[in-house]
Amino acid sequence: MNTMGETPQAYDIGIDRVAPSVRPSGPPRGYQRWLDLLFLHWPVPVQAMRALVPKDLELDLYDGHAWVGLVPFEMRGVRPRFAPKIAAFGFLETNVRTYVRYRGEPGVYFLSLEAASWIGVKLGRWGWSLPYFHADMSSSVSNGTFDYASCRADQSKAELKVSYRRLEPMGPSEPGSPEFYFLERYLLFVSRSGRIQRGQVSHTPYPVHRAELISLEDTLVAAAGLEVSGPPALVHASPGVDVEVFDLSTSPR
């Protein structure tokens, strides 16, 4: 299933979900391009997710459920602001994430991140306190079919193998739609030295496409401590966006 029905009760409508999409003032910390994204989502029991998320973060529920997202994509043009474009690098990445709120702000909490770059892993762990893992990863596209594979380079060998096709475009997501709730997330929260900090990204709304999932083998979600069964409830894809990345900070409220 690619979309869900929307009702006023699907999620907390008292939260401002548009404000985080406004670009912060001042220069960014760095630049990235996120390309060929696939978004897979499953509902999970609230108690199961609650055990994995810092107690200071509130779960941002949809339809009464917590949700886990599996997002493979490619990073290109990764560089700090002070570095020239010629110094930019890229790598494949896969995120396992869920949706949270902190002091009224909606964002993302990452359960794990795979990267095919040791530099990306070290920067993510040291600079952002994010749970990055190094992985052997590959991607290809042939006749409109995207194939993506990742195998964690440790004893767990947690892996992902997925094939999909992008279908018709849906256009940018409108506030209030399921796609806006699940895809348009501009804040991330991390627990650092016992305190919650927020990071922010800025980009144009994703050009969203419906997607056909051809095959999926995954143990990354299980490695993060969650059980899901059956195909994902939501499947979306996007060709990508250019991204500005801003520094971690404490929540402004």
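1. The largest nonpolar core has 36 residues, among which W34, L130, F182 and Y206 touch the most other members. A nonpolar core here is a set of buried Ala, Val, Leu, Ile, Met, Phe, Trp, Tyr and Cys residues joined through side-chain atoms within 4.5 Å. Buried means under 20% relative accessible area, exposed over 50%, and partly exposed in between (1.4 Å probe, protein chains only). At least two residues of this core come from each of strand 1, strand 3 (66-80), strand 4, strand 5 (105-115), helix 2 (118-128), helix 3 (178-183), strand 9 (187-192) and strand 12 (234-249). Helices (H or I, at least four residues) and strands (E, at least two) are DSSP runs, numbered from the N terminus. A second, separate core of 35 residues includes V44, L57, L92 and L187. In soluble globular proteins, nonpolar side chains tend to be buried together.

2. The model is predicted: local features need pLDDT of at least 70, and side-chain atom pairs count only at pLDDT 80 or more, while totals for chains, interfaces and linings use all residues. Residues are numbered from 1 along each chain as its sequence is written, and side-chain values use heavy atoms, with hydrogens and water left out.

3. As to the overall form, the protein has four helices and 12 strands. Of the 253 residues, 50% count as buried. Among contacts (heavy atoms within 4.5 Å) between residues at least 6 apart in sequence, 70% join residues at least 24 apart.

4. T94 lies in strand 4 (residues 89-102) and is buried, with a relative accessible area of 0%. Its side chain makes a polar contact with the side chain of Y148 (3.1 Å). A polar contact is a pair of N or O atoms within 3.5 Å; within protein, one must be able to donate a hydrogen and the other to accept it, and residues adjacent in sequence count only if both atoms are side-chain atoms. Beyond its neighbours within four places in sequence, T94 is in contact with residues including L70, S112, E114 and L220.

5. R29 is partly exposed, at 34% relative accessible area. The side chains of R29 and D247 make a polar contact (3.4 Å).

6. The count of salt bridges comes to 14, a salt bridge being a side-chain nitrogen of Lys or Arg within 4 Å of a carboxyl oxygen of Asp or Glu. E244 pairs in this way with R23, the closest N and O atoms being 2.7 Å apart. This pair links distant parts of the chain, E244 in strand 12 and R23 in the segment before strand 1, 221 residues apart. R33 and D242 also form a salt bridge (2.8 Å, N to O); R33 is in strand 1 and D242 in strand 12, 209 residues apart.

7. The closest N and O atoms of R152 and E114 are 2.6 Å apart, and both residues are buried. Elsewhere, salt bridges that share partners join D12, R17, E58, D60, R101 and R185 into one network.
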